[in-house]
Every structure is written in C-alpha cells, then in structure tokens.
Amino acid sequence: MRIALGSDHAGFQLRNCIREFLQDSSYFTVDFGAEGSDRPCDYPDAAFEVAVRVARSEYDLGILICGTGIGMSIAANKIPGIRAALAYDEETGRLAREHNNANILALGGRKTDCETAIRIVKAWLSADFEASRHLLRIDKIKSFEEEAAMIRDRLNSPPRLVTFDHPLIQHKIGIIRDRNTSVKAFRELVQEIAGLMVYETTRNLQLEPVTVETPITTTTAYSLSGKKIAIVPILRAGLGMVDGILQLIPNAKVGHIGLYRDPETLEPVEYYCKLPGDIGERDIIIVDPMLATGGSAVAAIDLVKKKGGKKVSLLSLIAAPEGVARVHERHPDVDIFTAALDSHLNDHGYIVPGLGDAGDRLFGTR
C-alpha cells in the first residue's frame, strides 16, 4: 500500500516517527512538506500536495500532521474526493475508516505523542469501511462535490443567452405581436411557442437505455435518466406558458411566484411564493413571457435559490437587452432562453417593439 505523508514544521518530528513505523510494517511511503522542524512550512502547501495526489490515486492513502491537525484537515478537505479525518485516539481513528471511509488521516504533532500516534494509525489502517447506511452518506458528499463543480464551471463560463430562430417559433411570435390577434388566439399561441421553446431548452437532458418489448421483438429504447424538472411561472403572465410546457413534460412539478411591478419604481414586489418541496433536486425553468427590466426575473431567481434551488434557467418569449444584462449581472449562472431579443425599453418600461402587456393580452384585461 502506498501512503503519502505530509507535515508542516510543527508536525515534522511526528511524521518521522510514523514513517519509521510504516516502513517497518512494509508500507511504501513518500514525504511531502517540511524539511525540518526549524524550517517553517505552511500547512496548506503540504495538505494540498498530499490531498491532490491521493485524489488522483497516485497514493492509496495519506497522513497529514500539523500542530493540532485542524489546519491540515480543513485544507485537505478542499480537494474533491478527499475525506480527511482528524483523529485523537484509537477509536476516532478506527471510526474514521469504518463510518467515513476517510482516505486521509490528520494528526496533531503538538497534541499527540509518537506512541499514541502509532496506535491511531494502526487502528485506522486495520479498519474496513462498513458501507451499508454509511455508503449513502458518502454518496451524498460525492453528489454535492459534483454539483459544486458544475456550478463553478457555469460561473466561470460566459453567461448564456439563447435566441431561437426556428421558423415555426418566429412565425408564431409574429402573430402574437399583432395587436389585432384575439385573446383566444394569443393564449393558444403562447402555449404553442412555450412548448416549442422548451423542446429546445431540454435538448441536453440525459438519457439511459431501457429494454422494451415491441409487438415484433425486444429492443433497446431510451428513457430520461431520473431528471426531475420544475416549472415556475411568474404570476400572472407566466401561467400562460405552463400548459404548453406540461404537454411535453407532464411529470414536471409546478411552483408559483407572485410578483407585481410597482408603477412608480418599476421594481418587483413579492406577494406569493409556493415551490415543490424537493426544489433543490430539480432542474428549474422559470417562465415569464416578457423579460423587460429584469427586476421580476431577478427577484424570482432570488426566491428560488433562497428556497434551495440550484440549477435554474429562464424562459421568456421576448426579451430586452436591459433585462438580459440585469439577470446576468445578478445571476451569471442562469441561462436565458428567448424567442426574440428586441431593441430596447421605452420610458414606461415596456419592450420595444414588444407585444404590449402579455398578462392583459392573455386574460383579456386592461
């Protein structure tokens, strides 16, 4: 077994003691970090070097030692895939493997003598991960690390604006812009456009193979791989898009966010928020026909994230550059999907050329 040893100057002597024990026990070891107890070495440097090498499977396990062991465990646990446990007696060393499957052991060079440290290391190395209920908890840690990596990747990527140029979408957008389009036709077209747009929006959903029996033979088909989706309309105009989306994704759950725009400040005011209880586990599509100032969209995204939502996108029929800029400034991780990016906002906060007040046109109000 290959074990990487790392320490700062405060852990140098204990590292030497542990190395001698491991080598006498036929373990292969390599030292990282301090070159002497009188030559200062910052503990993060040794922790990161050992943790990265263990995470890459260059070494099977790692042992890190600083004055208390606390700094080493904190630093090492910043590396995805690392489960560094600080142990101070044989029992915590054993449980670190049995319950937590710790792949790095942290010790305190100023808190643990050589004899005690060797007993802790023996207990840690001789124990086996018990899995069962503990495996579920380890898997939750792995899942969070993967989600966090995806969020970092999204934050480090340029904000994404997708404008659909499909002929059917553009044709229908032209009809709903027309002031003479009836309420009935407007409502039906909004649903149709929303359905066409979400068809493109969900293009990257992952599939998994399933076996089905046709009337002729057995074959391999494909099914969505457990993805959960939530549709969250911003009341009231966003309601007009929901049915069109649900026709394609009938199993999606629907939340509701109620916002109205203050006529003087043009800022959104919340009056209602009801989201699925498992919102943190779902891909969330916030829908609103118009992305104008961006105030309502930003407020809705704020609410969703406050409730635990992580992966959020915004679907609007028509957007203004001002609204897109505001959303991406506040939430650069949110993709915006729209059928048309219009020219600008007028003095009243309406999109130009736009289509007027989408809520009034959907519900026949003025």
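Author: A word on terms before we start: two strands pair if DSSP finds at least two bridges between them. The model is predicted, so local features need pLDDT of at least 70 and side-chain atom pairs pLDDT 80 or more, while totals for chains, interfaces and linings use all residues. Residues are numbered from 1 along each chain as its sequence is written, and side-chain values use heavy atoms, without hydrogens and water.

Reader: Thanks! Which residue stands opposite S7 in strand 2?

Author: Let's start with the two strands, which are DSSP runs of E of at least two residues, just as helices are runs of H or I of at least four, all numbered from the N terminus. Strand 1 (residues 2–7) and strand 2 run parallel and are joined by six bridges. Opposite S7, strand 2 places G33.

Reader: Which are the edge strands of the open sheet of five strands?

Author: This sheet has parallel pairing and the order 2-1-3-5-4. An edge strand pairs on one side only, and here these are strand 2 (28–33) and strand 4 (84–86).

Reader: At about what angle does helix 2 run to strand 3?

Author: Helix 1 (residues 12–24) lies across strands 1, 2, 3 and 5, at about 165 degrees to strand 1. Helix 2 (residues 43–55) also packs on the sheet and touches strand 1, strand 2, strand 3 and strand 5, where touching means heavy atoms within 4.5 Å. Angles run from 0 to 180 degrees between N-to-C directions, with axes fitted to C-alpha atoms, for helices over the stretch in contact. For helix 2 and strand 3, the angle is about 175 degrees.

Reader: Are helix 7 and helix 8 roughly parallel or roughly antiparallel?

Author: The axes of helix 7 (residues 167–177) and helix 8 (residues 183–201) come within 10 Å and cross at roughly 155 degrees. Angles under 35 degrees count as roughly parallel, over 145 as roughly antiparallel, 65 to 115 as roughly perpendicular and the rest as oblique. The crossing therefore makes helix 7 and helix 8 roughly antiparallel.

Reader: Which residue is the bridge partner of V287 in strand 15?

Author: Strand 13 (residues 283–287) and strand 15 run parallel, with five bridges between them. Eight of the nine residues of strand 15 (residues 311–319) are buried (under 20% relative accessible area; over 50% is exposed, in between partly exposed; 1.4 Å probe, protein chains only), so strand 15 is largely enclosed by the rest of the structure. In strand 15, V287 has as its bridge partner L315.

Reader: And which residue in strand 15 does L291 stand opposite?

Author: Strand 14 (residues 290–291) runs parallel to strand 15, and two bridges join them. Opposite L291, strand 15 has A319.
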